[in-house]
Amino acid sequence: MPTYSIQSRLKAVLPVLLSLLLPAMIWAQQPKIAVEIDTNQIRIGEQIRYAIEVLTDSTSLVHFPEGQTFTPLETVEALATDTVWEDRMMRLQKTYLLTQFDSGAYLIPAQQIAVNEQAFFTDSFAVRVGTVVVDTTKQGLYDIKPLVKVNPSYSQLWLWLLFLSLIGGGFLYYWYLGKRGDGSPLFGGPKALPPFDQALAQLQELEKSRYLIEGQHKAYYSELTDIVRNYLEEEAGIDALESTSDELITLLEMRKDAGELPLEEDTLEAFKEVLRTADLVKFARHTPEHQKASEDTRIVQLMVEKTQEALPEPDEESLIDTEEYIREQQRLKRRTEEKRLVIGAAAVLTILVVAFGIRLGFLNLWHTVSGHETKSLLEGEWVSSTYGFPPVSLETPEVLLREKQLLALPAEDSVKSAESFEYELPERFFRIETKTILMEGQKEVDLSKLFEEQLKGLEEAGAKNIITKQEEFITGAGVTGLKLYGSGDFKVAGKEARKRGKYVLLSFGGKGFQQQIYLTWLDDDPYAQKIVDRILASVDVKTQV
């Protein structure tokens, strides 16, 4: 019989033991995933709590579902992940809030969870979404109301027009009239100097320039001769700008010989030499030395100073004529600039009006700018309130104030009390009035008889050509009343001729009480019509005394 050592036996058994233990070790490292929902039956809009719990090694990387992965259910919110540590393991819990807004049976699909890039899938769940049961014996059923178009408010549009016009006018004022009476800019800048001072200042600036350093002799001499020519033209009245150098010297000699400009011969000869050098530089590309250019500048400065000394002093009459002429020129210039300003402002305003008119409609724009009363009411802040007892609730552009009794009262002497509230624009024939009347006893009110009395009251107030209709009116809460409405020619405050208008009278009643809502407005007022439609849509009454 062969003999085996203990080591050889272990080597033979070890692979078998490892093959048996390896699946158990692998299974022990697999994450444990559990899913639960708090309910499988909800009503429309209610929420389901869907919780995923993962138990895995503390070093594992776990990815939960993200986004709308629960379709056909909708993910309302994904709550933060809760983490609990258990020895070397961690327990993660992720909760989702789900909902559905249509009734029916739905299946929450399986969700994928990734642990260390390995995919795991949850079970799917069947849920049922039920409708909300409505007790039709207590709550009536109504048709779905159509969409109501809400026009944007342009009640403050005229403020924007004014603001933009002011900006445009200010810009034009700065552009055309931005100067003081002395000719200097209104918003800063140096005052214009007299010709003599200006010429000396320009010569000093020319000496500081870099023309000669950079070899720009032509530019230097061109500016030098322009300075002296401008001075001679403005101060001495010599046509210097349009004359050649020889012509300019000839003009100066003629003025000297006539005794109008007594200049010394040396000064004229030196100035003549400067002009000759300038012509050589500009037309023959001559390049004088730097020292020569500086000497020529001093000669020009001396020419300006000698000319200023040689000019005769103006007499008093000449000074007066000159000042009046200057003032007249300034006045004409201001008038021209004012005309430009007016034309520019009118152009800006016209452009704005046309732009807003095309966008909003010219009639609407005019009513906005002019402050149309009922348009302002329509686009203002509305008030919801309750009036009288039994209460009448409605939404109005202004709060109704307690007033004297204006609506027709029942003919019987059985009125216990009456309360009336109103708001009125007499010049627009616009009126809102509510009234509640308590009767003696529990007598049922005859609404049709009340309508006859109301029409009689309109005729006594001067109304003509009254057209009337009558129909049933049902409030949003299902209370039924009667509606008397129509049109006619009515007297309007401040108007001699009658104006075509409309009226509505709503009446509700029961045993021992009645409630009334009375509205009037002009037929050609579209804003008032919209106000009335909105008020009628908001009417609510309580029929319990």
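This is a short tour of a predicted model, stop by stop.

Residues are numbered from 1 along each chain as its sequence is written, and side-chain values use heavy atoms, with hydrogens and water left out. Because the model is predicted, local features need pLDDT of at least 70 and side-chain atom pairs count only at pLDDT 80 or more, while totals for chains, interfaces and linings use all residues.

**Stop 1: a three-stranded sheet**

Select E2, E11 and E8. These 3 strands form an open sheet in the order E2-E11-E8, with mixed pairing. Helices (H or I, at least four residues) and strands (E, at least two) are DSSP runs, numbered from the N terminus. Two strands pair if DSSP finds at least two bridges between them. E2 (41-43) and E8 (104-108) are the edge strands; each has a single partner strand, so one side of each lacks a neighbour in the sheet. Neighbouring strands are turned by 30° against each other on average, direction ignored. Axes here are lines fitted to C-alpha atoms, for helices over the stretch in contact, and angles run from 0 to 180 degrees between N-to-C directions.

Now show E2 with E11 (residues 125-130). They run parallel, joined by 3 bridges. Ile42 stands opposite Val129 in E11.

**Stop 2: Thr99**

Select Thr99, in strand E7 (residues 89-99). Is Thr99 buried or exposed? Thr99 counts as buried, at 2% relative accessibility. Buried means under 20% relative accessible area, exposed over 50%, partly exposed in between (1.4 Å probe, protein chains only). The Thr99 side chain reaches the backbone oxygen of Glu46 at 2.7 Å. Beyond its neighbours within four places in sequence, Thr99 is in contact (heavy atoms within 4.5 Å) with Gly45, Glu46, Gln47, Leu73, Glu74 and Val76.

**Stop 3: helix H4**

Select residues 217-235. H4 has 19 residues and spans 27 Å from first C-alpha to last, close to the 27 Å expected at 1.5 Å a residue. The expected span is 1.5 Å times one less than the number of residues. Colour the buried residues of H4: His217, Tyr220, Tyr221, Leu224, Thr225, Ile227, Val228, Arg229, Tyr231 and Leu232. They pack against H3 (195-208), H5 (245-257), H6 (265-284) and H7 (290-310). Just after H4, Gly237 takes a positive phi of about 70°.

**Stop 4**

Select residues 430-439. In E16, 10 of the 10 residues are buried, so the strand is largely enclosed by the rest of the structure. Phe430, Ile432, Thr434, Thr436 and Leu438 point one way; Arg431, Glu433, Lys435, Ile437 and Met439 point the other way. In a regular strand the side chains alternate between the two faces of the sheet.

Glu424 has Arg431 in E16 as its bridge partner. The hairpin of E15 and E16 has 4 residues between the strands, and there Phe429 takes a positive phi near 50°.

E16 and E20 run antiparallel, joined by 8 bridges. The bridge partner of Ile437 in E20 is Gln514.

**Stop 5**

Zoom in on Gln514, in strand E20 (residues 513-522). Gln514 is buried, with a relative accessible area of 2%. A polar contact of 2.7 Å joins the side chains of Gln514 and Gln516. Such a contact is a pair of N or O atoms within 3.5 Å; within protein, one must be able to donate a hydrogen and the other to accept it, and residues adjacent in sequence count only if both atoms are side-chain atoms.

Finish at Gly509, in strand E19 (residues 499-510). Gly509 is partly exposed, at 34% relative accessible area. Its C-alpha is separated by 9.9 Å from that of Leu438, 71 residues apart along the chain.
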